[in-house]
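Work through the following exercises with the sequence and the model side by side, and try each task before reading its solution.

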Amino acid sequence: MSHIICNARKLKVDVTIESKSISIAVNNHFELIQALLQIADSAFLVSPFLYENFSVFFSDLNLKGKSIELITSCAPRGTDQLKKPFSLRSFGSLVEQNTGTWPKIGVDQSLHSKIYIFLKNGNAFAGIVTSANLTGSGLKTNHETGVLLFDESSLLQLMEEAGSHLDYVNLSKYQIDQLCTAASIMKEKVPDSIDHEIGLKNLLNNYCTPSAGNRSIVIRESAEYYIKVSGVRDRPILVEHRRPFDEPHCELSFAKSPDKIRLGDCLLEVAVGGMCFLSYYSCASPVFERSDKDKAADPDAKRWPYYIFANNLSLHYGMEWFKQPLYYNDIVERFKSKYPGVAVTKAGKDHFIGALQLGHSYIKVTSEFGKFVREEIDVFKC
């Protein structure tokens, strides 16, 4: 069964959740979404346009114990790129304030769909496919029309389809702050009458994580390459642990400050114990040092006090590397067979294992070797 929802017509409907029927009477998209959000414990929101400030949208909602995922776009349409970063910060901050957790935010630059799906205990019980954007006018005053659906298999299929075309995944608070900074600078320089491209593609490439299916990211030609060592002898990372390395935006920690690593440089992560590659990353921040309080509370923070934010550029590999691990000794052997006259490390060595055994948490390698490793990981299929 389905129901037509319009902003200009009242709707009365019974929503069934776990054999319990709940009656809802609403006047527009806004009231319907609010009512379903109150019932749900998680929601999946898809809209290319957003509220500039989500305070009104969330003001009467109790979000405790709920999770909310958002998919949107940030394309050069009018002033959208100048405003969207602040919309995303408003959305993420308010959700975090009310739930204690930063929400999942994905970007699909070709997005046109408007879909709102609501779940309880993992079961999708209602969803709206509509013309209404996630804006005040879209949900309340525009003449928008949509369909309210209850078929769970269709709702799950809609979620899968919407999530399968993402360009960037899990935008973090730090990443969105960088986009806001860029937008603030550009606001002072450009007129309102044209479509604005604030260099977002470059910003996203520098600061945000591409989806597993987005293989169009290009590391800058002048990027330096480093081996990033993870794990220690008393806590090795082994194949049999089957531990995924698929965190899109993560912290990479170091014993000594990696001062020479720059934004956009590439870090090739290897496992102590497993002797294989885990994933590769692009540096997405300057170097930070943990506070004295953090060092006192956590031995690992004292042991590895420096960190950078980094974007995982090989989510497809990091999710399942343990199924067909790329052992670094094999990689080095194949590299030297193809390029016998080219060193592996910038120090002129034919392997980085000596520096690894000395306890270095990162080792600079040649661009030739770095690109070779990237190619091996990029073509990975388990």
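**Exercise 1.** Which residues of α13 are buried?

The model is a predicted one, in which local features need pLDDT of at least 70 and side-chain atom pairs count only at pLDDT 80 or more, while totals for chains, interfaces and linings use all residues. Residues are numbered from 1 along each chain as its sequence is written, and side-chain values use heavy atoms, with hydrogens and water left out.

Begin with the element itself: helix α13 spans residues 367–378, where helices (H or I, at least four residues) and strands (E, at least two) are DSSP runs numbered from the N terminus. Its 12 residues reach 16 Å from the first C-alpha to the last, close to the 16 Å expected at 1.5 Å a residue, the expected span being 1.5 Å times one less than the number of residues. Next, apply the accessibility classes (buried under 20% relative accessible area, exposed over 50%, partly exposed in between, with a 1.4 Å probe and protein chains only). The buried residues of α13 are then F369, G370, F372, V373, R374, E376 and I377. Finally, these residues pack against several elements, among them β12 (225–230), α11 (328–338) and β18 (362–365), contact meaning heavy atoms within 4.5 Å.

**Exercise 2.** Describe the aromatic pair of F254 and Y362.

The structure holds 25 aromatic pairs; rings of Phe, Tyr and Trp (its six-membered ring) pair if their centres lie within 6.5 Å, and planes under 30 degrees apart count as stacked, over 60 as edge-to-face and the rest as tilted. F254 and Y362 lie 5.5 Å apart, centre to centre, with 90 degrees between the planes, and the pair is edge-to-face. The pair links distant parts of the chain, with F254 in strand β13 (residues 249–254) and Y362 in strand β18, 108 residues apart. F254, at 0% relative accessibility, counts as buried, whereas Y362 is partly exposed at 23%.

**Exercise 3.** Why is the pair of F335 and F369 edge-to-face?

The ring centres are 5.2 Å apart and the planes stand at 80 degrees, so the pair of F335 and F369 is edge-to-face. Because F335 lies in helix α11 and F369 in helix α13, the pair ties together parts that are 34 residues apart in sequence. Both F335 and F369 are buried, and ring pairs link them into a cluster that also includes F277, Y328, Y339, F352 and F372.
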